[in-house]
Amino acid sequence: MELFETITGRRSVRDYLDSAISEDDLRKILDGARWAPSWANKQCARYVVVKDSPVKAGLKETLTPNNPACDSFDACPIVIAVLGRLKTAGYKKGVAHDDRQWHMYDCALATQNVCLAAHALGLATVIVGAFDYRAAGEILGVTDDYQVVCLLPLGYPKRTPDAPARRDLSELVHTDAFAE
Ligand SMILES: Cc1cc2nc3c(=O)[nH]c(=O)nc-3n(C[C@H](O)[C@H](O)[C@H](O)COP(=O)(O)O)c2cc1C
């Protein structure tokens with residue numbers, strides 16, 4: 001698939017087929033995540049591949065009520081939990097560069113690679129950010145030096161929604177100085 005087609009054609013999919021994902025495809029997707037850029041190449045992102053139905057059901061319970069992605073957790077064969085190692089991205093010798101949460105940034109880059117790689121392979125994902133990350137961490141046995149950043153249901157799409165509208169470029173892009 002051509003890159004720009006992959007970028008624009010990727011959708012957040014919430015309805016999945018009950019079809020297995022090959023280990024080869026899963027490995028390609030995770031390898032795509034591994035090649036994402038990261039702060040000082042610290043590679044703080046980690047991945048928990050959840051295949052076990054009771055664990056998936058437990059993660060589903062951590063979602064916000066009425067989260068549109070709830071049903072995805074029943075149908076998809078795999079959920080990938082993206083974890084960030086704390087105090088590595090944006091840190092040098094234990095001192096923070098600034099007060100921004102750079103582990104979130106690194107995990108987002110890795111997450112986008114997962115989403116694009118999945119789409120390029122005919123699979124689909126939805127990034128789930130609205131959930132109780134502490135409760136999800138407890139379910140997954142995550143230690144204090146890591147944080148669950150997002151959950152990614154992964155599977156073959158049963159229904160791919162139309163693309164939600166994007167703002168016009170003229171609203172987003174400024175030249176030389178920002179203007180509201
Ligand atoms: C950081 C982040 C958090 C998100 N959290 C959720 C979520 O909790 N539940 C959900 O159904 N979709 C979630 N989404 C998916 C967005 O709703 C979706 O990306 C957006 O509507 C644009 O649609 P598209 O991905 O198909 O282009 C999230 C997306 C991002 C980037």
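Analyst: Happy to; we will take a helix and then a sheet. This is a predicted model, in which local features need pLDDT of at least 70, side-chain atom pairs count only at pLDDT 80 or more, and totals for chains, interfaces and linings use all residues. Residues are numbered from 1 along each chain as its sequence is written, and side-chain values use heavy atoms, with hydrogens and water left out.

User: Which residues of helix α6 are called buried?

Analyst: A136, G137 and L140 are the buried residues of α6, which spans residues 133-140. Buried means under 20% relative accessible area, exposed over 50%, and partly exposed in between (1.4 Å probe, protein chains only). Helices are DSSP runs (H or I, at least four residues) and strands are too (E, at least two), numbered from the N terminus.

User: What puts them on the same side of α6?

Analyst: They cover an arc of only 100° around the axis, so they sit on the same side of α6. The arc is that of the directions from the helix axis to the C-beta atoms. R134 and E138 are exposed, on the face turned away from the buried side.

User: What do the buried residues of α6 pack against?

Analyst: Their partners are β2 (45-50), α3 (53-61), β3 (78-85) and β7 (146-155), where contact means heavy atoms within 4.5 Å.

User: Which strands are called edge strands?

Analyst: The open sheet of 4 strands has the order β2-β3-β7-β6, with antiparallel pairing. β2 and β6 (124-125) are its edge strands, because each pairs on one side only, and two strands pair if DSSP finds at least two bridges between them. β6 and β7 are joined by 2 bridges, so they meet that definition.
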